[in-house]
Amino acid sequence: MLKATFPHIGNSYIPFRTLLTELGLDPVIPPPITQRTISLGTQIAPEFACFPLKVNLGNYIEAIEKGAEMILMAGGVGPCRFGYYGEVQREILRDAGYSVEFFVLEAPKTHPRELWEKIKRVFPRHRAPDLLRAVRKAWVKADALDRFDRMANHVRAREEKKGEVSRLQNRFYQQLDQADSMGEIRRVADGFLEELKAVPVRKESQPLRIRLVGEIYMVLEPSVNFHIERVLGEMGVDVERTIYFTDWVKETLLKSIYDPNWREPLLAVARPYLKNFVGGHGLETVAHTVEAGVNRYDGVIQLAPFTCMPEIVAMQVLPAVSRDLDIPYLTLIIDEHAAEAGIMTRLEAFIDLLYYHRNSQGGGKAGEAVSGY
Ligand code: SF4
């Protein structure tokens, strides 16, 4: 059976493992991202490439060391560099002497026929019933992960015993990853959601509410964002992540096929500050920050990889959004040189500022939010 791998992005390795297994491949999950992964990728990537590209390359090398013979990677179109990520990664690996098959699977709306030809070539089990069963099983897992994570952030900010939600989350990931039949997947998902609801919480607490916005990879991958959701949650902050894997598939991959105006609601919210789609999640970053201001969140944290063009565009207008709507924000720009101590110091300073802002009944100078890097 052909050993296939793919880059890490958050907990998506769990549904991807199921998907590839069901389609007749032998999935090789890259080892968890460590400093070694990052330095392996950084050594062979161009210095000013986006940070996620470097980490992906490190994933591939470590997966090849575990026997991977083929890499699967999503393609893309649009104004940012993601559109040529796949090709660039293929060439970098070849130049570095790695001989491995590289398949870039484009979004269905771009070249549907080409995508279908690739699916037939890559996956041994590609008949319609096989595809449907595989996608359904993987989707149920992805959906369970997103439902759990959403609620986990809410409960974690109020948990009586610090770390309880994170421990439960780790056990949930492990058991969902091992669940095979649909019945078992549903049993694990429902059982852990019930356990999460039963975690003892501090009833009187009124945690700070923060929205997490930014580039999708930095938002979804805890090992590059320094586990920001867990860290903030255990500091008593209710974190609302604005990007979930299943939402991204539903909107960016599927809705965009039949609704050419699917971005209109985002554009309408962001319009006073940003009038166009700028690639990646730049538009979402601005729109979700505006919403956070209107809905009286305590603050916003923007996560951006160093040199990310869409997030750089968003950064230019966030000071105006912050000033107009009195919403403090923090931008964290992350690359291979970012260190945990520096990130923690900024987060702690930002949380202090938010308490000050809340206590001064909204009178703080939001436009002077702590900025990153
Ligand atoms: S969104 Fe940013 S980091 Fe991601 S590929 Fe585009 S430019 Fe690079």
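**Reading strand β8 and its neighbours**

Student: In which sense do strand β7 and strand β8 pair, and over how many bridges?

Tutor: Two strands pair if DSSP finds at least two bridges between them; here β7 (residues 299–305) and β8 pair in the parallel sense over six bridges. Strands (E, at least two residues) and helices (H or I, at least four) are DSSP runs, numbered from the N terminus. Keep in mind that this is a predicted model, in which local features need pLDDT of at least 70, side-chain atom pairs count only at pLDDT 80 or more, and totals for chains, interfaces and linings use all residues. Residues are numbered from 1 along each chain as its sequence is written.

Student: Which residue of β8 is the bridge partner of proline 305?

Tutor: The partner of proline 305 is isoleucine 334 in β8.

Student: Where do these strands sit in the sheet?

Tutor: The sheet is open and has four strands, paired in parallel, in the order β6-β5-β7-β8. Its edge strands are β6 (237–241) and β8, each of which pairs on one side only. Strand β5 (residues 208–214) runs parallel to β7 and is joined to β7 by five bridges, with isoleucine 210 standing opposite glycine 299 of β7.

Student: Is β8 mostly covered or mostly open?

Tutor: A residue is buried if 20 or more other C-beta atoms, placed from the backbone, lie within 10 Å of its own, exposed if 12 or fewer do, and partly exposed in between. Strand β8 (residues 329–334) is mostly covered, since six of its six residues are buried: Tyr329, Thr331 and Ile333 lie on one side, while Leu330, Leu332 and Ile334 lie on the other.
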